[in-house]
Each structure stands twice: as C-alpha cells, then as structure tokens.
Amino acid sequence: MFNPYLPYPVRIKEVRVETEDKSLKSFWLEFMKPEDAEAFKYTPGQFAELSVSGYGEIPIGIASSPTEGKDLLFTVNKVGCVTSKLHNMQAGEVMGVRGPLGNHYPFDRMEGKDIVIVAGGFAVTTLRSTVVYMLHPDNRDRFGKITFIYGARTPGMLLYENEWSEWQKRDDIDCHITVDQEFPGWEGLVGFVPTVTEQVAPKPDNAIALICGPPIMIRFTQPVFDKLGWQPEQIVMSLENRMKCGIGICGRCNVGPEYVCKDGPVFTKAQLDQMPKEY
Ligand SMILES: Cc1cc2nc3c(=O)[nH]c(=O)nc-3n(C[C@H](O)[C@H](O)[C@H](O)COP(=O)(O)OP(=O)(O)OC[C@H]3O[C@@H](n4cnc5c(N)ncnc54)[C@H](O)[C@@H]3O)c2cc1C
Ligand code: FES
C-alpha cells in the first residue's frame with residue numbers, strides 16, 4: 001500500500017558549491033530504483049521533503065526541470081540541523097526524497113503569454129526549474145517573450161551561473177542579472193532587483209509574472225508591478241512557511257484556511273491578498 005510518509009532512497013551523484021561564502025550547495029540526486037524515478041513525476045514550482053537519517057526531514061524546492069532527465073537538483077542554504085548535515089555529505093552517500101509535493105506554477109494559464117520572472121537570492125531555485133522547462137524545445141513555443149530578472153548581493157552569491165550565462169547568449173530570453181553594488185570584475189548590472197525591474201518595465205499586456213525572493217525584495221517589487229499596471233491575478237509567488245508533513249495533515253503550515261504545503265506553495269497575489277498576513 002502507498003505510504004505518503006515513506007521517502008524514496010536516493011544517492012548523491014554530485015555536490016556543487018554554489019556561492020563564494022559556501023553557504024549554498026547544490027545536490028544532484030539519483031534514484032536508487034528505476035521504478036521510483038518513474039513514479040516521481042513533477043512540474044516546476046513543486047517541492048520535496050529531503051530526509052537525512054538521524055537528523056530529520058526538510059522541505060526544499062525542486063531546482064531541476066523534468067526536461068533534464070530523472071535526476072533531481074536541490075540547492076540548500078546551510079542554516080541549521082538538517083541543512084548543516086547535508087552540507088557535510090558527499091557524492092555516493094544515500095538519503096531520502098519524499099514527494100513531489102505541493103502545487104506548481106500555473107503553466108496552463110501561462111501558455112501563450114509573455115512570462116516575466118523576478119528572483120532574488122537563493123529563492124531562484126524553482127525559477128531555475130521553470131526557465132529550463134520553458135526553454136526546452138518541446139515547450140518554448142508554448143510561451144511568448146521570456147524576461148528573467150535575477151539579483152544577489154554580490155557576484156559570488158549568484159546561483160546557477162553556468163545556466164544564466166548560457167541563457168544570456170540566446171535571443172529567445174531576455175536576461176537581466178544584477179548585484180546590489182559595484183564589484184571589481186563585475187561587468188553586469190548594478191542595482192536592487194526592484195530598481196532593475198522598474199528600468200526593464202515589463203508590460204502587463206497578456207503576461208504573467210513569477211516573483212520569488214526574500215521578503216524585503218518582494219515588498220519593494222510589488223509596488224513596481226502595481227505602478228506598471230499589473231493586476232493581482234497576473235502575479236504569482238511562492239511561500240516558504242514552516243512545514244512538517246507536507247501533505248495537508250499536521251496543520252503546521254496553514255495560513256487561514258489554506259495549507260501552504262498542499263494548496264500552495266504557489267499562490268497568485270490575488271489569493272494572497274485574501275489571506276491573513278501570517279506568511
Ligand atoms: C516549500 C519550501 C521550499 C523551500 N525551498 C528551499 C530551497 O530551495 N533551499 C533552501 O535552502 N531552503 C528552502 N526552504 C527552507 C528550508 O526548508 C529550511 O531552511 C530548512 O527546513 C531548515 O532546516 P534545518 O534543519 O537546517 O534548520 P533548523 O535547525 O530547523 O532551523 C535553523 C534556523 O532556520 C530557521 N528555519 C527553519 N525552517 C525555516 C523556514 N521554512 N523558513 C524560514 N526559516 C526557517 C529556524 O527558525 C532556525 O532559525 C524551503 C522551505 C519551504 C517550505
Ligand atoms: S505541513 Fe502538515 S499540513 Fe502542511
């Protein structure tokens with residue numbers, strides 16, 4: 001019988017240090033049983049519970065795209081018990097993955113529209129998944145113009161440089177990569193994400209924006225979209241509330257009547273405006 005609490009065993013295939021301060025590492029995980037890989041069908045925006053025996057289980061957004069094959073990518077910020085243990089693990093070690101969990105970005109609604117992606121810091125994880133998915137030859141025609149605005153404090157804190165430096169060479173995605181202030185050797189944009197968004201001025205006509213970042217970035221980015229004439233239904237965000245079960249049973253994550261783990265983590269701004277400000 002299917003047990004929703006049972007993780008799939010996975011082996012760490014590759015560990016990559018993402019940032020100069022080593023606070024963020026990416027883990028490529030491979031399923032140990034082909035049938036588990038087959039069963040784990042996900043869509044960008046979803047998350048999974050990563051488990052490390054003896055340490056615990058944590059929700060982490062899926063950073064890979066299903067168009068990249070069966071292996072899964074997660075990028076983990078070292079903040080506490082489980083994330084610190086994960087940071088000490090090496091390729092070859094075994095851990096667990098439970099999921100995929102939660103809802104995903106609204107690709108049905110996004111079809112035929114221009115897509116604006118705004119990301120700050122390490123909240124870019126599921127947006128990496130989304131961009132890789134949309135740029136895949138099977139999917140690219142389903143979406144209009146893609147604009148990607150991504151910022152971090154310093155050049156050394158930007159994730160996924162291999163990916164976005166390739167995207168910058170393409171003519172079917174408009175990339176704006178920025179850092180908070182001037183740095184020796186940095187030739188890209190300088191300025192906070194909301195300021196760059198205002199300069200890029202994405203048009204709301206037939207468009208959807210996906211915005212993920214730290215609360216301060218969200219707080220200053222929302223008024224930019226308001227000023228540019230975007231409606232709350234056109235803006236999509238992802239929440240990172242504390243979670244336990246991840247499947248709508250324990251009641252750890254709810255905001256008003258919504259279970260962030262099950263009804264979310266992806267919500268439109270119109271939905272968030274109706275919810276108590278507990279997120
Ligand atoms: C849907 C979802 C997706 C997420 N995606 C990612 C991701 O892609 N990469 C990533 O690095 N992290 C992500 N997180 C956050 C991640 O789950 C927490 O950082 C992790 O659970 C901390 O585990 P720990 O055992 O190391 O920390 P703990 O030892 O439990 O706590 C260490 C510190 O982190 C704080 N903390 C714990 N959980 C959270 C949380 N959910 N939000 C804010 N602070 C918290 C604690 O209060 C404490 O100060 C996501 C969370 C959710 C809900
Ligand atoms: S984490 Fe248990 S109900 Fe959402």
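This is a predicted model: local features need pLDDT of at least 70, side-chain atom pairs count only at pLDDT 80 or more; totals for chains, interfaces and linings use all residues.
Residues are numbered from 1 along each chain as written, chains are lettered from A and ligands numbered from 1 in written order, and side-chain values use heavy atoms, without hydrogens and water.

**The shell.** I found 20 residues surrounding ligand 1, with Pro59, Thr75, Asn77, Thr83 and Arg242 the closest (near means a heavy atom within 4 Å).

**Polar contacts** (N or O pairs within 3.5 Å). I looked at the nitrogen side: a polar backbone atom of Gly61 sits 3.0 Å from a ligand 1 nitrogen, and a backbone N or O atom of Thr75 is 2.8 Å from a nitrogen of ligand 1. For oxygen, I noted a polar side-chain atom of Arg242 at 2.9 Å from a ligand 1 oxygen.

**Burial.** Ligand 1 alone exposes 880 Å², and the protein buries 72% of that (Shrake-Rupley, 1.4 Å probe). I then listed the elements giving two or more residues to the shell: β4 (56-61), β5 (72-77) and α2 (81-87).

**Domains.** I moved on to domain 1 (8-101) and domain 2 (107-238), with bounds from an automatic or database assignment. Their C-alpha centres lie 24 Å apart. I saw 24 residues of domain 1 in contact with 19 of domain 2 (heavy atoms within 4.5 Å).

Key:
A polar contact is a pair of N or O atoms within 3.5 Å; within protein, one must be able to donate a hydrogen and the other to accept it, and residues adjacent in sequence count only if both atoms are side-chain atoms. Helices (H or I, at least four residues) and strands (E, at least two) are DSSP runs, numbered from the N terminus.
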